[in-house]
Amino acid sequence: MDIGREWLSVADICDYMGVSTFVVTRMLRGGDLPGVKMGREWRVNRLDFEEWINAQRHRHVSPEG
């Protein structure tokens, strides 16, 4: 995937995350993953996707102690 592009398609995200289009589309429709619908296609801003990935990673890290 060319992560240098400004907008990512559902297919780009599926390839990167190793999940199906159903999973990504469901997350977009539910508002869990930030994106915009351009015509019939969803697009996700690359910076928003990177921030979302980092937030998910930090969310699932268990606190020490």
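Colleague: Leaving aside residues up to four places away in sequence, what does Ser 9 touch?

Modeller: With those residues not counted, Ser 9 touches Trp 42 and Arg 43, where contact means heavy atoms within 4.5 Å. This is a predicted model, in which local features need pLDDT of at least 70 and side-chain atom pairs count only at pLDDT 80 or more, while totals for chains, interfaces and linings use all residues. Residues are numbered from 1 along each chain as its sequence is written, and side-chain values use heavy atoms, with hydrogens and water left out.

Colleague: Where does Ser 9 sit, and is Ser 9 buried or exposed?

Modeller: Ser 9 is in strand S1, strands here being DSSP runs of E with at least two residues and helices being DSSP runs of H or I with at least four, numbered from the N terminus. Ser 9 counts as buried because its relative accessible area is 15%, given that buried means under 20%, exposed means over 50% and partly exposed lies in between, with a 1.4 Å probe and protein chains only.

Colleague: Which strand is S1 joined to, and by how many bridges?

Modeller: Strand S1, residues 7–9, is joined by three bridges to strand S3, residues 41–45, and the two run antiparallel; strands are taken to pair if DSSP finds at least two bridges between them. Within that pairing, Trp 7 has Asn 45 as its bridge partner in S3.

Colleague: And what about S2 and S3?

Modeller: S2 and S3 also run antiparallel, with three bridges joining them, and Lys 37 stands opposite Trp 42 of S3. The two strands form a hairpin with two residues between them, and Gly 39 in the turn has a positive phi of about 70°.

Colleague: OK, zooming out, how many helices and strands are there, and in what pattern?

Modeller: The protein chain has three helices and three strands, which follow the pattern β-α-α-β-β-α when read along the sequence. Of its 65 residues, 25% count as buried.

Colleague: Which residues make up the largest nonpolar core?

Modeller: The largest nonpolar core has twelve residues in all, among them Leu 8, Val 10, Leu 28, Trp 42, Val 44, Phe 49 and Trp 52; such a core is a set of buried Ala, Val, Leu, Ile, Met, Phe, Trp, Tyr and Cys residues joined through side-chain atoms within 4.5 Å. At least two residues of this core come from each of helix H1 (10–17), helix H2 (21–30), S3 and H3.

Colleague: What is Leu 28 in contact with, beyond its neighbours within four places in sequence?

Modeller: With those neighbours left aside, Leu 28 is in contact with Val 10, Leu 33, Pro 34, Gly 35, Trp 42 and Val 44.

Colleague: Which residues of H1 are buried, and what do they pack against?

Modeller: Val 10, Asp 12, Ile 13 and Cys 14 are buried in H1, and the buried residues of this helix pack against S1, H2, S3 and H3. Just after H1, Gly 18 takes a positive phi of about 70°.

Colleague: Changing topic, how many salt bridges does the structure hold?

Modeller: The structure holds two, a salt bridge being a side-chain nitrogen of Lys or Arg within 4 Å of a carboxyl oxygen of Asp or Glu. In one of them Arg 43 pairs with Glu 41, with the closest N and O atoms 3.5 Å apart, and in the other Arg 46 pairs with Glu 50, with the closest N and O atoms 3.2 Å apart.

Colleague: How are Arg 46 and Glu 50 placed in H3?

Modeller: Because they are four residues apart in helix H3, residues 46–59, Arg 46 and Glu 50 are separated by about one helical turn. Arg 46 is partly exposed, with a relative accessible area of 21%, and Glu 50 is partly exposed at 29%.

Colleague: Last one, which residues make the nonpolar surface patch?

Modeller: Trp 7, Val 36 and Met 38 make a nonpolar patch of about 250 Å², with areas from the Shrake-Rupley method with a 1.4 Å probe and, for residues, only the protein chains shown counting as cover. Patches are made of residues with over 30% relative accessible area and no salt bridge, like charges being joined within 9 Å and nonpolar side chains (Val, Leu, Ile, Met, Phe, Trp, Tyr) within 5 Å. Met 38 lies in strand S2, residues 36–38, and is partly exposed, with a relative accessible area of 42%.
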